[in-house]
Amino acid sequence: MHQSFAPHTIDLRITTGTNHTMLPGLESDRLLLRPRSLADLDAIVSMNADPQVMKHIAAVGDPAMKRDAVAARSFNHVGRGLGYWSVFAKAEPDAFLGYVGLIPDGDAAEDVQLSYRFTVANWGQGYARETAARLLRHGFETLALASVAVTTHPLNLASLRLAERLGFQPAPMDPTILIGDPAVIATRFRLTGEAWRGLNPPAA
């Protein structure tokens, strides 16, 4: 599978707190991926309060989805090049669509997972696939990640299809990794850098 989304990097960076390590701003054909800032938190918390968005993730009102908890985990790993990017359309660059992220996947430093979430109004437009593909390119080409995981609910059909379209392969389930309300064992996928390069050969 060859992704058609244009891999550009733009000069758009932020600092977080006193940490001067920066995440790069990225772009795809239609979208801008801006490193998450404190100004994005209200939009994220509003999205996390939508029952449709949270259906396969967690209970609405879960303390982990509140502003303080989101802020606390948003910038912890930028020194490793990991974190979250807020997504905006090039045609409407001030309207928050959702986010994507490359974040730790457990305790091992080399384990990373792809995260994504979009407002309901922006479902069905291919934004998750476009931004996920762009972020995977950044992860494998720029960060030289060995592999990336996806964790999702076994009934989240859209997420399952997205993982498959991006080239992820099923990975062993871990009974300690739960998702949803009521909680169930999460479905896991993994994509190696080697497999990604096979699916995304350099342009001739």
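1. Start at G167. This residue comes just after helix α5 and takes a positive phi of about 100°. The model is a predicted one, and that applies to every point below.

2. Now step back into the helix itself. Which residues of α5 are buried? Helix α5 covers residues 157-165, and its buried residues are S159, L160, L162 and A163. Viewed down the axis of α5, these buried residues fall within an arc of 160°, so they line one face of the helix. L157 and E164 are on the other side of α5, and they are exposed. An α-helix has 3.6 residues a turn, so residues three or four places apart point the same way.

3. Take β11 next, through R190. This arginine is found in strand β11. Is R190 buried or partly exposed? Its relative accessibility is 25%, so R190 counts as partly exposed. Buried would require a value under 20%.

4. R190 has contacts beyond its sequence neighbours. With those within four places left aside, R190 touches D105, S147, V148, A149, F168, Q169 and A171. One of these, S147, also makes a polar contact with R190, side chain to side chain, at 3.1 Å.

5. F88 is buried, at a relative accessible area of 5%. F96 also counts as buried, at 15% relative accessibility.

6. F140 and W196 form a further pair. Their ring centres are 5.6 Å apart and their planes stand at 35°, so this pair is tilted. F140 lies in helix α4 and W196 in helix α6 (residues 193-199), so the pair ties together parts that are 56 residues apart in sequence. F140 is buried, with a relative accessible area of 4%. W196 is buried as well, with a value of 4%.

7. Two arginines sit over aromatic rings. Where is the charged end of R34? It sits over the ring of F88, 4.3 Å from the ring's centre. R36 lies over the face of Y99, and the distance to the ring centre is 4.7 Å.

8. Last, look at strand β2 (residues 24-27). P24 and L26 point one way from this strand, while G25 and E27 point the other way. Are these residues buried or exposed? All of them are buried.

9. Strand β2 has a partner. Two bridges join β2 to strand β3 (residues 31-35), and the two strands run antiparallel. L26 has L33 of β3 as its bridge partner. How many residues lie between β2 and β3? There are three, and the two strands form a hairpin.

Note on methods. Residues are numbered from 1 along each chain as its sequence is written. This is a predicted model: local features need pLDDT of at least 70, side-chain atom pairs count only at pLDDT 80 or more; totals for chains, interfaces and linings use all residues. Side-chain values use heavy atoms; hydrogens and water are left out. Buried means under 20% relative accessible area, exposed over 50%, partly exposed in between (1.4 Å probe, protein chains only). Helices (H or I, at least four residues) and strands (E, at least two) are DSSP runs, numbered from the N terminus. The arc is that of the directions from the helix axis to the C-beta atoms. Two strands pair if DSSP finds at least two bridges between them. Rings of Phe, Tyr and Trp (its six-membered ring) pair if their centres lie within 6.5 Å; planes under 30 degrees apart count as stacked, over 60 as edge-to-face and the rest as tilted. A charge sits over a ring if NZ of Lys or CZ of Arg is within 6 Å of the ring centre and within 35 degrees of the ring normal. Contact means heavy atoms within 4.5 Å. A polar contact is a pair of N or O atoms within 3.5 Å; within protein, one must be able to donate a hydrogen and the other to accept it, and residues adjacent in sequence count only if both atoms are side-chain atoms.
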